[in-house]
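Here are my notes for your first look at this model. Please keep the structure open while you read.

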Amino acid sequence: MFLLPNIRYTGTALIALAACFSSTTSASEMFASDSPWMLGDWGGTRSELLEKGYDFTLGYTGEMGSNLHGGYDHDRTARYSDQFTFGSHLDLEKILGWQDTELQLTITERHGDNISNDRINDPRVGGFTSAQEVWGRGETWRLTQMWIRQKYFDGALDVKFGRFGEGEDFNSFPCDFQNLAFCGSQVGNWVGGIWYNWPVSQWALRVRYNINDSLYAQVGVFEQNPSNLESGNGFKLSGSGTQGAVMPIELVWSPRVNGLKGEYRAGYYYSNAKAQDVLKDSNGQPAAISGATYRSSSSKHGLWIGAQQQVTSLATDQSRGLSLFANATMHDKKTNAIDNYVQAGLVYKGPFDARAKDDIGFALARVHVNPAYRKNARLANQAAGLDDYDNPGFLPVQDTEYSAELYYGIHLADWLTVRPNLQYIRHPGGVSQVDDALIGGLKIQSTF
């Protein structure tokens with residue numbers, strides 16, 4: 001039986017989709033296809049506010065996922081999850097005369113369900129990737145950004161302070177794909193709960209030095225506070241529950257190769273909070289056998305590299321063409337379930353003259369489980385006297401998960417893009433006993 005997803009605000013979405021096909025209005029009016037906002041320019045008020053330094057945004061991302069074949073549970077259904085974003089960006093130089101200073105405030109709200117949770121992955125261990133990246137961190141409202149940024153020495157020094165996530169500045173990557181393995185900062189997906197990406201925020205400081213026009217170095221200090229993840233703490237500002245700090249450092253190079261844009265990143269993170277060993281107790285023996293408490297480490301660390309490069313373009317429009325990308329992360333084998341992750345893919349923008357703003361994306365990813373973590377699961381089953389995967393008490397042994405996604409982005413208006421996609425996941429959650437899964441998806445990105 002196939003069930004339609006429970007989509008909120010369906011009427012608004014359908015009106016928006018229909019309106020974009022017949023746009024004879026000017027860019028300043030509602031539903032105009034060449035306007036950056038669905039609701040238009042508010043009679044010119046929006047542009048006037050921008051000139052004065054006030055920028056207000058309302059964004060919406062909705063994602064549908066359906067298990068077309070395979071997975072842990074073959075009962076076909078669909079799930080829908082979404083996110084509203086309410087933001088304001090203030091140019092304080094224009095408003096207050098503070099030179100090279102800006103302020104960002106953003107509130108988000110997430111809602112819905114994820115097809116990966118009970119249809120694709122074995123719920124006894126969960127999964128690594130998510131077929132709907134917008135799902136996660138609770139169905140709740142959150143203060144996602146509250147920061148002030150100021151530049152010094154003619155822009156050479158750039159300082160940002162307030163509440164934000166690591167992936168906003170470090171290990172940053174676009175989020176056009178729907179599968180989490182190809183969306184956003186990947187360190188946060190595999191580091192085991194210490195690096196908090198959007199929509200979670202924490203107190204943080206980021207200092208960037210622009211070495212030249214194409215090269216900069218940056219360092220950050222981020223509060224490591226697991227209580228910020230809790231649904232009831234979306235607007236928590238106190239530091240209670242803080243366990244330490246995550247300190248990333250990164251070098252970012254943005255060259256032009258044959259006149260085409262590129263970005264290359266290399267970074268390292270260090271956490272000074274205590275982290276639990278994935279296998280051994282304080283005596284160096286397997287804790288699953290000894291029954292003793294897993295030993296703790298005084299720190300946790302890892303590194304990442306990333307690359308994006310446009311390689312072709314059209315003479316008539318340099319924004320159209322083929323871009324390649326790749327990302328990799330490596331993590332502490334003593335304390336992390338995932339020891340490494342690699343990803344690569346391509347995006348082609350403007351594939352047809354009649355659809356110059358559409359885009360096509362394809363990507364592959366591999367998530368590899370730390371051998372010590374696998375050994376711990378096998379020993380836990382041995383200690384419990386279990387060797388049958390179908391036994392409810394059996395702890396599935398996780399190894400390597402492979403993901404692929406193909407999407408076509410339909411640019412219906414400057415304020416609306418719809419991306420139907422197909423995802424294939426081999427060994428969901430790294431569990432070889434789970435059937436390979438084929439997922440049909442749909443991602444909607446809109447700005448009101």
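1. Start with burial. Buried means under 20% relative accessible area, exposed means over 50%, and partly exposed lies in between (1.4 Å probe, protein chains only). R265 counts as buried because its relative accessibility is 10%.

2. Next, the ground rules. This is a predicted model, where local features need pLDDT of at least 70, side-chain atom pairs count only at pLDDT 80 or more, and totals for chains, interfaces and linings use all residues. Residues are numbered from 1 along each chain as its sequence is written, and side-chain values use heavy atoms, with hydrogens and water left out.

3. Now the salt bridges. Side chains of opposite charge can pair when their charged atoms come close. Here a salt bridge is a side-chain nitrogen of Lys or Arg within 4 Å of a carboxyl oxygen of Asp or Glu. The count by this rule is 23. R265 pairs with E263, with 3.0 Å between the closest N and O atoms. E263 is partly exposed because its relative accessibility is 22%.

4. Look at D359 and R419. Their side chains form a salt bridge at 3.3 Å, N to O. D359 sits in strand β16 (residues 359–369) and R419 in strand β18 (residues 416–426), so the pair ties together parts 60 residues apart in sequence. Strands (E, at least two residues) are DSSP runs, numbered from the N terminus. Both D359 and R419 are buried.

5. Salt bridges with shared partners also build one network from R149, D158, K160, E168, D169, R206 and R208. Within it, K160 meets D169 at 2.8 Å, N to O. K160 counts as buried because its relative accessibility is 3%. D169 is buried too, at 6%.

6. What does N233 touch? Contact means heavy atoms within 4.5 Å. N233 touches R142, S227 and N228, leaving out residues up to four places away in sequence. N233 lies in the loop between β7 (215–224) and β8 (244–253). It counts as buried, at 19% relative accessibility.

7. Finally, the second largest pocket. On a 1 Å grid over the protein atoms alone, a pocket is an open set of points where a 1.4 Å probe fits, with protein on both sides within 12 Å along at least five of seven lines; lining residues have an atom within 4 Å of a point. The lining of this pocket has 24 residues, and K261, Q308, Q310, S323 and K349 lie nearest its centre. β14 gives the most to the lining, with 4 residues.
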